[in-house]
Amino acid sequence: MYKGYVNAGYTIQIFHEIGNDGVAIGVRSGIKDDPAPFVVWNYMCENGVPSFYWGAYSNEKRQAITTFIEKVRVLASELGWLAWNALTVEASK
């Protein structure tokens, strides 16, 4: 998974990966009055190909970031405390 990957018209800007699982924020631009320019997905990678699921769509950046943090916490808690040591975050600047 990497910044810049495009899924369903959304470009991944931020992701948090643990092993083969992760959470990503995608941003869609170029649509006038877009009702949902942000999406937060869970994803899993198999053979280097991400599969996205459980999308939470939003028209507010702050809500997308809040949802991202909540999904990362859930994912990390499911994998156990040691997973926190393996966390990496890639963010756009």
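Modeller: Happy to! Two strands count as paired if DSSP finds at least two bridges between them, and strands (E, at least two residues) and helices (H or I, at least four) are DSSP runs numbered from the N terminus. This is a predicted model, where local features need pLDDT of at least 70, side-chain atom pairs count only at pLDDT 80 or more, and totals for chains, interfaces and linings use all residues. Residues are numbered from 1 along each chain as its sequence is written, and side-chain values use heavy atoms, leaving out hydrogens and water.

Let's look at S4, residues 38–46. On one side, S4 runs antiparallel to S3, joined by seven bridges; Asp-21 has Met-44 of S4 as its bridge partner. S4 also pairs with S5, again in the antiparallel sense, over eight bridges, and here Asn-42 stands opposite Tyr-53 in S5. Two residues lie between S4 and S5 in their hairpin, and Asn-47 in that turn has a positive phi of about 55°.

S4 is mostly covered, with seven of its nine residues buried, where buried means under 20% relative accessible area and exposed over 50% (1.4 Å probe, protein chains only). S4 is also among the strands that cover the buried residues of helix H1, along with S2, S3 and S5. Those buried residues of H1 are Ala-64, Thr-67, Phe-68, Lys-71, Val-72, Leu-75 and Ala-76. They fall within an arc of 165° seen down the axis of H1, so they line one face of the helix; the arc is that of the directions from the helix axis to the C-beta atoms. On the other side of H1, Arg-62, Arg-73 and Ser-77 are exposed.

Key:
Contact means heavy atoms within 4.5 Å.
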